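These notebook entries record what I looked up in one structure. I began with the aromatic side chains and then turned to the cores, the sheet and the confidence values.

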Amino acid sequence: MSNSTTDEPGPLLGAADIRELAAALGVRPTKQRGQNFVIDANTVRRIVRTAEVRPDDVVVEVGPGLGSLTLALLEAADRVTAVEIDDVLAAALPSTVEARLPGRADRFALVHSDAMLVRELPGPAPTALVANLPYNVAVPVLLHMLAAFPTIDRTLVMVQSEVADRLAARPGNKVYGVPSVKANWYAEVKRAGAIGRNVFWPAPNVDSGLVSLVRREKPVATTASRADVFAVVDAAFAQRRKTLRAALAGWAGSAAAAEAALVAAGVSPQARGEALTVEEFARIAENKPGREGGAA
């Protein structure tokens with residue numbers, strides 16, 4: 001049985017292994033759950049390398065599927081906790097780990113749950129998030145995990161290429177939007193490479209990209225809460241073609257109140273959301289009319 005597309009021996013899963021496992025479990029990847037299984041051992045090694053996984057890391061993985069990336073992470077990290085929603089895949093993964101990396105099986109934990117509902121994990125607090133995220137829920141899952149687990153210092157996720165561009169976009173870029181600002185609230189974000197379609201089964205009809213997020217050493221300096229800041233971001237981009245004076249009218253109570261908040265925050269009322277940094281959104285939130293210290 002081949003262990004990789006290059007016939008290199010070892011515990012990692014190759015194309016033949018993946019198909020064999022899937023057939024034994026009666027698994028067909030579903031579009032509904034955004035499932036595309038990585039079938040190339042060199043790709044998962046590259047992901048682990050790019051993520052800079054260290055021997056003392058406690059890694060959380062979301063959507064492990066049949067375990068391609070899980071095994072590579074277990075080889076490199078101290079511990080791995082995988083969060084899997086699919087009943088069949090969740091039931092099978094511990095056996096795959098035991099069969100292929102028996103010496104590391106006690107370092108592996110499985111949480112059978114929807115990642116969006118996970119608020120705690122077994123064992124030591126996670127230090128890194130590394131995942132091939134289901135593409136249809138990638139952004140909400142990523143933001144939820146960063147919010148729920150502040151000990152996650154480094155993140156590397158594989159997402160649809162367009163989503164990777166959005167997450168890593170800077171102010172002024174045409175794809176800069178809600179995901180860009182919210183990810184930047186937590187971390188310094190950058191593109192970390194591209195992944196070809198032929199390393200997946202089934203091959204997706206979109207390209208994939210790696211995104212690196214390194215948590216900010218100091219959080220955004222603001223007296224506003226994250227929820228308050230994110231409310232401004234959501235309002236600004238709900239009508240992204242409008243000026244902020246108009247886009248934030250509902251949020252502030254009126255266009256005039258929005259203008260007052262913007263002027264107090266040092267932001268032009270004629271600007272658009274795509275031009276603002278996360279720090280500027282935070283200043284606007286601080287100056288919401290009716291908020292203590294906010295614009296009159």
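**Aromatic cluster and pairs**

I worked from a predicted model, and I noted that Tyr176, Phe237 and Phe281 form one aromatic cluster. My search of the whole structure for aromatic pairs returned five. Phenylalanine 37 belongs to strand β1 (residues 37–38) and tryptophan 201 to strand β8 (residues 200–201), which places the two 164 residues apart. I found both phenylalanine 37 and tryptophan 201 buried.

I then examined tyrosine 176 and phenylalanine 237, an edge-to-face pair with 6.2 Å between centres and 70° between planes. Because tyrosine 176 sits in the loop between α6 (161–168) and α7 (178–186) while phenylalanine 237 sits in helix α8 (residues 226–238), the pair ties together parts 61 residues apart in sequence. Tyrosine 176 and phenylalanine 237 are both buried.

I listed the contacts of phenylalanine 281, leaving out residues up to four places away in sequence; among them are Val181, Val229, Val232, Phe237 and Leu276. Phe281 is also one of the residues with the most contacts inside the largest nonpolar core, which has 61 residues; Leu129, Leu213 and Ile284 are others. Apart from that core I recorded another of 41 residues, including Val48, Leu93, Phe108 and Val130.

**Sheet and packed helices**

I traced an open sheet of seven strands with mixed pairing, in the order β4-β3-β2-β5-β6-β9-β7. β4 (108–112) and β7 (187–195) are the edge strands, each with a single partner, so one side of each has no neighbour in the sheet.

Which sense of pairing do β7 and β9 show? β7 pairs with strand β9 (residues 208–215) in the antiparallel sense, over seven bridges. I identified leucine 213 in β9 as the bridge partner of valine 189.

Helix α2 (residues 41–50) packs on the sheet, where I found it touching β5 (128–132), β6 (154–160), β7 and β9; its direction makes about 160° with that of β7. Helix α5 (residues 138–148) lies across β2 (58–62), β5, β6 and β9, and I recorded about 170° between α5 and β6.

**Confidence**

I noted a mean pLDDT of 93 for the protein, with 93% of its residues reaching 70 or more. Residues 1–9 have pLDDT below 50, and I counted 22 contacts for this stretch in the model beyond near neighbours in sequence.

How values were computed: Residues numbered from 1 in each chain as written. Predicted model: local features only at pLDDT ≥ 70, side-chain atom pairs only at ≥ 80, totals over all residues. Heavy atoms only, no water. Core = buried A, V, L, I, M, F, W, Y, C linked by side-chain atoms within 4.5 Å. Buried < 20%, exposed > 50% of the residue type's maximum accessible area, 1.4 Å probe, protein only. Contact = heavy atoms within 4.5 Å. pLDDT = per-residue confidence, 0-100. Phe/Tyr/Trp six-rings, centres within 6.5 Å; stacked < 30°, edge-to-face > 60°. Helix = DSSP H or I, 4+ residues; strand = E, 2+ residues; numbered from the N terminus. Pairing = 2+ DSSP bridges. Axes fitted to C-alpha atoms, helices over the stretch in contact; angles between N-to-C directions.
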